[in-house]
Amino acid sequence: MAHTESYTCDVCGDKKGVDGDWWLAWVDCFHGDTPSEDQPLIQLTRWQLKQAHAPNVRHLCGAQCASTMVNRFLSVQHEKPESHCDTP
């Protein structure tokens, strides 16, 4: 029996088909000179199946949803400028 994967846009809920301009995004950490200077940063890249399986990666169906996700990230950072990277 064949295994079929399906992906859903984390912004609008569209299902990924064969075609489309899909993107991947995730939040990482920009390391400052000291831990108190560390800041969250968002990363965005073209769709890549291997990366699509990575933990905490968001699936985005196109430029509009990618822009929405970046805007949401920027809004949170603006509201909480003192926020730093989560540390385990």
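In strand S2, Arg46 is the bridge partner of Trp23. This pairing belongs to a predicted model, in which S1 and S2 run antiparallel and are joined over eight bridges. Three strands make up an open sheet, and helix H2 packs on that sheet. Two aromatic pairs are also present, and Tyr7, Trp22 and Trp47 together form one aromatic cluster.

**The sheet and its helix**

- The strands of the open sheet are arranged in the order S2-S1-S3, with antiparallel pairing.
- S2 and S3 are the edge strands, since each of them pairs on one side only.
- From one strand to the next, the twist averages 35°.
- Helix H2, which covers residues 63-79, touches S1, S2 and S3. The direction of H2 makes about 175° with that of S2.
- Strands pair through backbone hydrogen bonds, and the pairing may be parallel or antiparallel.
- S1 and S3 run antiparallel and are joined by three bridges.
- Within this part of the sheet, Ala25 stands opposite Arg58 of S3.

**The aromatic cluster**

- A pair of aromatic rings is described by two quantities, the distance between the centres and the angle between the planes.
- The structure holds two such aromatic pairs. In one of them, the ring centres of Tyr7 and Trp47 are 4.9 Å apart and the planes stand at 75°, so the pair is edge-to-face.
- Tyr7 lies in the segment before strand S1 (23-30), whereas Trp47 lies in the loop between strand S2 (39-46) and helix H1 (49-52).
- Tyr7 has a relative accessibility of 11% and counts as buried, because the limit for a buried residue is under 20%.
- Trp47, at 22% relative accessibility, counts as partly exposed.
- Trp22 and Trp47 form an aromatic pair that is likewise edge-to-face, with 5.8 Å from centre to centre and 85° between the planes.
- Trp22 is in the segment before S1 and Trp47 in the loop between S2 and H1, so this pair ties together parts of the chain that are 25 residues apart in sequence.
- Trp22 counts as buried, with a relative accessibility of 6%.
- Lys16 lies over the face of Trp47, at 5.0 Å from the ring centre.

**His59 and its surroundings**

- His59 belongs to strand S3 and counts as buried, at 13% relative accessibility.
- A polar atom of the His59 side chain lies 3.0 Å from the backbone oxygen of Ala52.

**The loop between H1 and S3**

- Val57 is located in the loop between H1 and S3. Val57 is buried, with a relative accessible area of 8%.
- Although Val57 and Ala25 are 32 residues apart along the chain, their C-alpha atoms are separated by 5.7 Å.
- When neighbours within four places in sequence are left aside, Val57 is in contact with Asp10, Leu24, Ala25, Trp26 and Gln51.
- Asn56 is found in the loop between H1 and strand S3 (58-60). In contrast to the buried Val57, Asn56 is exposed, with a relative accessible area of 66%.
- Asn56 has a positive phi of about 70°, although it is not a glycine.
- Most residues other than glycine have a negative phi.

Definitions and conventions:
Residues are numbered from 1 along each chain as its sequence is written. This is a predicted model: local features need pLDDT of at least 70, side-chain atom pairs count only at pLDDT 80 or more; totals for chains, interfaces and linings use all residues. Side-chain values use heavy atoms; hydrogens and water are left out. Rings of Phe, Tyr and Trp (its six-membered ring) pair if their centres lie within 6.5 Å; planes under 30 degrees apart count as stacked, over 60 as edge-to-face and the rest as tilted. Helices (H or I, at least four residues) and strands (E, at least two) are DSSP runs, numbered from the N terminus. Buried means under 20% relative accessible area, exposed over 50%, partly exposed in between (1.4 Å probe, protein chains only). A charge sits over a ring if NZ of Lys or CZ of Arg is within 6 Å of the ring centre and within 35 degrees of the ring normal. Two strands pair if DSSP finds at least two bridges between them. Axes are lines fitted to C-alpha atoms, for helices over the stretch in contact, and angles run from 0 to 180 degrees between N-to-C directions. Contact means heavy atoms within 4.5 Å. A polar contact is a pair of N or O atoms within 3.5 Å; within protein, one must be able to donate a hydrogen and the other to accept it, and residues adjacent in sequence count only if both atoms are side-chain atoms.
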